[in-house]
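User: I would like to learn how to read a few features of a structural model, with the general idea and then the actual case. Could we take them one by one?

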Amino acid sequence: MEFRGAHILSVKQFERSDVDRIFEVADTMVPYARRERITRVLEGAILGNMFFEPSTRTRVSFGCAFNLLGGQVRETSDVKTSSISKGESLYDTARVISGYSDIIVMRHPQMGSVNEFAKASRVPVINGGDGPNEHPSQALLDLYTIKKELLSNDRQVDGMNIAMIGDLKHGRTVHSLSQLLLLYDNITFTLISPTELKMPAEIVSELTAAGHKVIETEDMEAGLNDNHTVYLTRIQEERFTTKLEADIYRGRFRLNQSIYTRYCQPNTVIMHPLPRDSREEANELDNDLNQHPSLAIFRQTDNGVVVRMALFALVLDVADKVDDSATDVGWYTQGRF
Ligand code: NCD
């Protein structure tokens with residue numbers, strides 16, 4: 001695809017070569033994300049970071065990624081304090097904010113809202129999550145992480161076995177990640193969820209039509225066996241009509257040290273898009289795995305920065321100019337990695 005000026009709305013817009021290009025650029029961003037080098041390649045550029053739904057890491061990491069490229073960030077992080085709460089349409093908001101920004105990242109609770117916003121925008125828009133639908137930058141950082149983690153175990157994405165666990169019906173991260181994996185070959189997906197929270201049937205059909213193997217089960221212990229990666233998700237409480245309804249499923253599937261040791265293969269990579277729900281009644285990914293070398297969740301969040309830097313650099317067409325303005329960092333940076 002042509003990245004220059006493109007909206008990034010769905011993983012479906014990528015070919016495998018596009019993903020390779022994003023990852024290649026992401027690799028070049030590592031010294032900047034690690035505070036070894038500074039670049040000013042986006043000096044003067046403004047990111048409109050529009051979050052109309054709760055977010056911590058997606059919003060902050062998109063903002064940091066833009067800052068690390070030398071750009072400035074303006075953001076709104078609450079529907080209540082934005083004009084959307086006064087009845088403003090997405091069309092009007094898009095026309096206005098795109099006049100102030102060079103690029104926009106947008107998150108919104110409604111499926112399809114970011115596409116609608118992008119149609120009215122005068123600058124490129126990146127989907128930071130549209131309701132239960134898609135979360136393309138998360139899928140890219142997840143895949144980038146999987147590739148790196150598997151590589152250190154001498155494995156590849158093609159031919160891997162992955163278990164996805166939890167609220168697969170509402171989780172946009174697993175929707176986007178599965179669809180991104182359509183670009184790869186011969187993957188076995190074990191989808192572990194309560195029957196009511198199964199992966200949407202259309203996505204399962206797409207996976208099988210692409211030649212992948214899909215096992216759907218409610219039996220976590222059996223499902224955990226023989227995977228290279230396990231990807232936990234939170235019950236997406238905000239997508240249920242009532243909290244009580246979400247409570248039915250909370251805590252149904254949990255991974256902790258003893259379950260991992262008993263049922264997972266050694267070295268199985270443990271992932272979660274975060275936030276993990278650490279309340280006692282949920283606790284889908286226990287703190288007793290925090291020191292486990294296969295726990296990749298904080299490498300995932302670090303990788304989110306370089307992948308998002310790559311998206312900005314490609315869409316704003318500066319990927320080959322990042323090093324031109326680079327200088328060394330002058331402040332204390334030890335101990336970060
Ligand atoms: C996820 C999201 O918002 O979809 N978080 C994230 O972006 N890392 C997952 C979640 O909220 O459970």
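User: What volume does the second largest pocket have, and which residues are closest to its centre?

Analyst: On a 1 Å grid over the protein atoms alone, a pocket is an open set of points where a 1.4 Å probe fits, with protein on both sides within 12 Å along at least five of seven lines, and a lining residue has an atom within 4 Å of a point. Here the second largest pocket has a volume of about 400 Å³, counted as the space filled by probe spheres set on points joined across faces, edges and corners. Its lining has 21 residues, of which Arg107, Arg172, Arg234, Leu274 and Pro275 are the closest to the centre. This is a predicted model, in which local features need pLDDT of at least 70 and side-chain atom pairs pLDDT 80 or more, while totals for chains, interfaces and linings use all residues. Residues are numbered from 1 along each chain as its sequence is written, and side-chain values use heavy atoms, with hydrogens and water left out.

User: Which elements give two or more residues to that lining, and how do its residues divide by class?

Analyst: The elements are α2 (57–68) and α6, where helices are DSSP runs of H or I with at least four residues and strands are runs of E with at least two, numbered from the N terminus. The lining divides into four nonpolar, 10 polar and seven charged residues, with Ala, Val, Leu, Ile, Met, Phe, Trp, Tyr, Cys and Pro counted as nonpolar, Asp, Glu, Lys and Arg as charged, and the others, Gly among them, as polar.

User: How do I read the packing of α1 against α5?

Analyst: Two packed helices are described by the angle between their axes and the distance between the axes. The axes of α1 (residues 16–33) and α5 (residues 136–151) cross at roughly 75 degrees and come within 11 Å; they are lines fitted to C-alpha atoms over the stretch in contact, with angles from 0 to 180 degrees between N-to-C directions. The two helices are therefore roughly perpendicular, a label for 65 to 115 degrees.

User: What is the peptide bond from Leu274 to Pro275, cis or trans?

Analyst: Most peptide bonds are trans, and most residues other than glycine have a negative phi. The bond from Leu274 to Pro275 is cis, with omega near 0 degrees, and Pro275 is placed in the loop between β10 (269–271) and α11 (297–315). Asn267, in the loop between α10 (257–263) and β10, has a positive phi, near 75 degrees.

Note on methods: Angles under 35 degrees count as roughly parallel, over 145 as roughly antiparallel, 65 to 115 as roughly perpendicular and the rest as oblique.
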